[in-house]
Amino acid sequence: MRIALFGYGKMGQMIEQIALSRGHEIVAKIDENTNQIDFTTMDVAIDFSMPEAAFGNITKCLNHNIPIICGTTGWLDKYNEAIELCNSKKGAFIYASNFSLGVNIFFELNNYLAKMMKNLPEYKVSLEEIHHTQKLDAPSGTAITLAEGVIANSEYNEWKLEDDSDGALSITSKRIGNTPGTHTLLYENEVDSIEIKHTAHNREGFALGAVTAAEWIIGKRGVFSMRDVLNLG
Ligand SMILES: NC(=O)C1=CN([C@@H]2O[C@H](COP(=O)(O)OP(=O)(O)OC[C@H]3O[C@@H](n4cnc5c(N)ncnc54)[C@H](O)[C@@H]3O)[C@@H](O)[C@H]2O)C=CC1
Ligand SMILES: O=C(O)C1=N[C@H](C(=O)O)C[C@H](O)C1
């Protein structure tokens with residue numbers, strides 16, 4: 001498979017390693033200084049760039065009929081526009097706030113736990129994410145997906161960053177050293193607490209998930225998720 005990388009930072013470089021080890025070819029490494037992109041050389045594009053760049057990159061790929069896998073976080077105000085464009089162009093698109101197998105299992109666990117806790121209002125839920133100090137967005141995309149999972153399966157109506165006013169689900173964001181990504185959900189009352197936690201040890205899981213999604217999407221049309229790729233039900 002001929003892969004174009006939009007963004008060649010920490011994730012782009014890890015994806016290159018994984019893609020080459022699986023027999024793929026990297027045909028372009030695109031960043032903010034790239035003037036011309038030859039879309040005829042690529043079978044699929046993978047975007048791990050920056051919040052302000054992702055939507056433009058997605059648009060270019062869909063307009064050139066290139067399937068696009070996007071892992072960039074912090075641009076979701078434009079997500080519905082991306083879906084509309086994909087559908088109107090009969091293209092192929094996957095966004096995931098987190099491509100790792102472990103986190104996608106964690107998302108399922110989160111939904112299941114939220115459903116069980118729905119009628120137990122004595123437990124208050126809180127969410128914490130920890131990432132490296134270079135991370136630009138807060139809260140993390142993964143924390144937003146987890147919060148949306150709790151909201152969809154409980155009495156919570158909204159999440160807020162470090163603020164539990166008006167009954168909101170509070171997300172705490174910490175930036176510590178080189179932390180690849182740690183997410184914790186805590187249900188707590190006076191007598192006990194229940195905690196579920198996912199810890200990424202490095203970036204390999206994210207990169208493998210993104211390359212797996214790129215392999216999976218070839219020949220498909222539509223807007224998909226990692227649930228589809230991993231066949232999680
Ligand atoms: N969904 C997931 O599983 C994961 C998502 N991420 C997200 O991926 C994004 C990138 O993360 P990192 O690689 O750690 O960041 P990074 O800062 O190391 O790399 C980002 C790269 O994007 C490039 N860039 C800037 N403008 C661009 C443009 N217009 N087009 C193409 N490239 C451009 C920069 O030159 C930079 O090298 C972040 O939004 C992060 O939150 C990170 C890890 C996993
Ligand atoms: O910026 C990162 O590094 C990460 N970003 C993603 C997010 O915002 O959730 C995924 C992962 O946690 C690493």
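At which residues does UniProt place the feature "binding site"? The unreviewed entry gives His-132, Gly-141 and Thr-142 for this feature. The points below concern a predicted model.

1. Domain arrangement. The protein chain is divided into two parts: domain 1 comprises 2-99 + 204-230, and domain 2 comprises 101-199. Taken over C-alpha atoms, the centres of domain 1 and domain 2 are separated by 26 Å. To the contact between them, domain 1 contributes 10 residues and domain 2 contributes 11 residues. On the side of domain 1 that touches domain 2, helix 6 (204-217) and helix 7 (226-230) each supply at least two residues. That side of domain 1 has 4 nonpolar and 6 polar residues, with no charged residues.

2. Surroundings of ligand 2. The residues around ligand 2 are Thr-73, Ser-97, Asn-98, His-131, Lys-135, Ser-140, Gly-141, Thr-142 and Gly-181. Domain 1 (2-99 + 204-230) and domain 2 (101-199) each provide at least three residues of this shell. By class, the shell has 8 polar residues and 1 charged residue, and no nonpolar ones. Two residues of the UniProt "binding site" feature, Gly-141 and Thr-142, are listed around ligand 2.

3. Gly-141. This residue lies in helix 5, which spans 141-152. Is Gly-141 buried or exposed? Gly-141 is buried, because 21 other C-beta atoms lie within 10 Å and the threshold for burial is 20 or more. Leaving aside neighbours within four places in sequence, Gly-141 is in contact with Thr-73, Gly-74, Ser-97 and Asn-98. Among these contacts, Thr-73, Ser-97 and Asn-98 also belong to the surroundings of ligand 2.

4. His-132. The loop between strand 6 (124-131) and helix 5 (141-152) holds His-132. His-132 has 13 C-beta neighbours inside 10 Å and therefore counts as partly exposed. Not counting residues up to four places away in sequence, His-132 touches Arg-175, Gly-177, Asn-178, Thr-179 and Pro-180.

5. His-131 counts as buried because it has 25 C-beta neighbours inside 10 Å. Lys-135, with 16 such neighbours inside 10 Å, counts as partly exposed; this value falls between the limits of 12 or fewer for exposed and 20 or more for buried. Setting aside neighbours within four places in sequence, His-131 is in contact with Ser-140, Arg-175, Thr-179 and Gly-181.

6. Ligand 1 has 25 residues around it, of which Gly-7, Gly-9, Met-11, Ala-53 and Gly-71 come nearest. Helix 1 (10-21) and helix 2 (51-63) are the elements that give two or more residues to this shell. By class, the shell around ligand 1 has 11 nonpolar, 11 polar and 3 charged residues.

Conventions
Residues numbered from 1 in each chain as written. Chains lettered and ligands numbered in written order. Predicted model: local features only at pLDDT ≥ 70, side-chain atom pairs only at ≥ 80, totals over all residues. UniProt positions renumbered as here; feature names shortened; annotations may be inferred. Helix = DSSP H or I, 4+ residues; strand = E, 2+ residues; numbered from the N terminus. Contact = placed C-beta atoms within 7 Å. Domains from an automatic or database assignment. Nonpolar A, V, L, I, M, F, W, Y, C, P; charged D, E, K, R; others polar. Near = placed C-beta within 6 Å.
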